[in-house]
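Here are my notes on the model, written for a colleague who is meeting it for the first time. They are set out as numbered points and may be read beside the structure.

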Amino acid sequence: MGREIGVDRTLPSKIRRLVAGGGKRSLHSHLRWAGFFFVLPALIHLIIFKFYPMLQAFRLSFYRYDLMSPPVFTGLENYNLLWQNPLFHQSFWVSVKYMFGVSIPEWFFALALALLLNRRMPGRSVIRLAYFFPIAMSQIVVAMVWKFMYHPYGLVNTILETFGIGRINWLSMEESALPALIAIGIWRGIPLFGVIYLAGLQAIPKEYHEAAIIDGAGVFQRFFYVTIPLLLPTITFVMVLSLLSAVKVFLNPLVMTEGGPNGTTKVLPYFIYETGFAFFRMGEAAAASMVLFVFLFGLTLIQLRLLRRGGVE
Amino acid sequence: MRRKTMLRLGGALITLFALFGVWVMLLPYFWMVSSSIKTGIEVFDLPIKWIPDDIQWVNYPNALAKGAFGVYFYNSFVVAFAVMGGNLVFCTLAGYGLAKFRFPHRELCFRLILSTLMLPLEIVLVPTFLVVRDLGLVNTYGGLIAPLAVDAFGVFLMRQSIRDIPDSLIEAARMDGCSEFGIFWRIILPNCKPALGALALLAFRDNWDQFLWPFIVATTDNLKTFPLGLAQMEGIDSAAYHEIMALAVMGMIPAAFIFLFFQRAFVRGITLTGLKE
């Protein structure tokens, strides 16, 4: 900027360079940094609050640490403790049951909902609004309402009674507590994944269906040969997202059943919380986190691979 | 003519079926509202009276008096709006950078950001707490807000929707001498409003709702959020269903309001994103 006076003389050569493409490079490199700077704040945040903690969790899983005294290196002891702890095994399987118990029905019900809402019908926009409204509800509200719903004299039992089924204390029996929580998870997940599926359905060009109709394809043929293949990316996304969000459940077991009865609803996040922040065994909690992470990671990889293969065929 | 009637009848049947579904999906909320205006004894009366003869508005002030709910609501608003703001700013900037610039390792950056979806707070709970403790933020608003201020899903959402903005618009602005930030402010932001609406709604809902993190990091009453306050009150007075439901209704209102305000943008944002790729 200080060479403003000299600009007149250098201007022609500058223009020449610009035309030749030399200036483009400097413009380009300037833009390169601009792009990176736009991403940088988010990246720094994630490094501080995701990647660094992840590395710390890995490191901590080899130490004994109670927040008070300095950490002591114990090698694989934490993993060994977990492996020998029947409560950890129980929590792991509770989480697995919950994850699949919630996700798999969600995939189908949400798709059914999306197909329904994608149809032409009177009052569609209001009906869509009514279905999507529960997406906005908070978890704590849901937990409180359902705890009340599952009360021995609550609405669930009242409705079941009209069908001749006796009153059940859903949340305090070992056989029914986890299924009761799974039912809430499904009920809660359907609208959100329904919106995502609906978006996917609307992205399918109408011409594809029209062409299929001209070729004489029926409703089911169109569904399996047009809708499903074109919806595959959305299906992948819903599958991964539903599993990831199901494994995070913590609030419902905490406030509705306190992990009981007899640990039958103590999901892994609950186990991790309890080990770390109630028993102050941070190292063991970190080790449990690593197990959960490896499990999630493996599951996501398998899913992506399977679906990618499915997509190619 | 006959075919047309059949079609119309079919449409009406589908509407009826859909309405039945709505009833099933919303039933718990109807019951919640209904119970919140009954007495503690009436809530279990059979047959169910959806609207009681004597509406008990008094449940609402009574329930609020059972804890420092003014403080809890205030804290929830602070956390929800701060995190929503953080997400809107950082995720949109990052989404723009990833969608419209070429720079070395751009794809790597995107993958790294997306991979944090695999690292929910539940998994990094212990070390995140240690980080916040080392930063001296335990039991502060900063500690409540900071770890939540960027969410990879938001970056993904914004990147997808900004990619659909034509490059020619950006090039034209650049030719006119608009600064990079000016382009972001005047071209990008106005053109991704639906996605911003979707992001705002989701961020508000998720963080109005925050339970696990405040549960760990807010140890004193003056920093507790509404979900913590409600869970605590329920733990003490678990039989007062009418009052718990009154609090639940009040806890629902902000999110419901935001939803009605943003729902068009929300649905359109998700639709535009298409979630392809």
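**Notes on the two chains**

1. Read along the sequence, chain B follows the pattern α-α-α-α-α-α-α-α-α-α-α-α-α, with 13 helices and 0 strands; helices (H or I, at least four residues) and strands (E, at least two) are DSSP runs, numbered from the N terminus. Chain A, for its part, has 13 helices and 2 strands.

2. This is a predicted model, in which local features need pLDDT of at least 70 and side-chain atom pairs count only at pLDDT 80 or more, while totals for chains, interfaces and linings use all residues. Residues are numbered from 1 along each chain as its sequence is written, and chains are lettered from A and ligands numbered from 1 in the order in which they are written.

3. On confidence, the model scores ipTM 0.82 and pTM 0.83. The mean pLDDT of chain B is 83, and 94% of its residues score at least 70, where pLDDT is the predictor's confidence in each residue, from 0 to 100. Among the elements of chain B, the highest mean pLDDT, 90, belongs to helix α3 (residues 69-100), and the lowest, 77, to helix α13 (residues 241-273).

4. As to overall form, the C-alpha atoms of chain B fill a box of roughly 75 × 70 × 30 Å along the principal axes. Chain B has a radius of gyration of 24 Å, whereas a compact globule of 277 residues would have one near 19 Å; the radius is taken over C-alpha atoms, and the globule rule is 2.2 Å times the number of residues to the power 0.38.

5. Chain B is divided into domain 1 (4-36) and domain 2 (66-273), with bounds that come from an automatic or database domain assignment. The C-alpha centres of domain 1 and domain 2 of chain B lie 32 Å apart. Between them, 4 residues of domain 1 of chain B are in contact with 6 residues of domain 2 of chain B, two residues being in contact if their C-beta atoms, placed from the backbone, lie within 7 Å. The side of domain 1 of chain B that touches domain 2 of chain B has 2 nonpolar, 2 polar and no charged residues; here Ala, Val, Leu, Ile, Met, Phe, Trp, Tyr, Cys and Pro count as nonpolar, Asp, Glu, Lys and Arg as charged, and the others, Gly among them, as polar.

6. How many residues of each chain are in contact with the other chain? There are 76 residues of chain A in contact with 76 residues of chain B. On the side of chain A that touches chain B, helix α2 (residues 22-60) of chain A gives the most, with 21 residues, and by class that side has 58 nonpolar, 13 polar and 5 charged residues.

7. Val22(B) counts as partly exposed because it has 17 C-beta neighbours inside 10 Å; a residue is buried if 20 or more other C-beta atoms lie within 10 Å of its own, exposed if 12 or fewer, and partly exposed in between, with C-beta atoms placed from the backbone.

8. Of the 277 residues of chain B, 46% count as buried, and buried residues make up 37% of the 313 residues in chain A. The largest nonpolar core has 157 residues, and those with the most contacts inside it are Ala42(A), Tyr98(A), Ala94(B), Leu199(B) and Ala248(B); helix α8 (residues 174-202) of chain A gives the most to this core, with 15 residues. A nonpolar core is a set of buried Ala, Val, Leu, Ile, Met, Phe, Trp, Tyr and Cys residues joined through C-beta atoms within 7 Å. Beyond its neighbours within four places in sequence, Ala42(A) is in contact with residues of chain B including Phe90(B), Ala94(B) and Val155(B).

9. Glu106(A), found in helix α4 (residues 86-117) of chain A, is buried, with 26 other C-beta atoms within 10 Å. Among the residues that Glu106(A) touches, not counting those up to four places away in sequence, are Ile186(A), Phe193(A) and Ser242(A). Glu106(A) and Ser242(A) are 136 residues apart in sequence and 7.7 Å apart in space, C-alpha to C-alpha.

10. Helix α12 (residues 268-278) of chain A is largely enclosed by the rest of the structure, because 8 of its 11 residues are buried; among them are Leu268(A), Tyr270(A) and Gly276(A). Just after α12(A), Phe280(A) takes a positive phi of about 55°.
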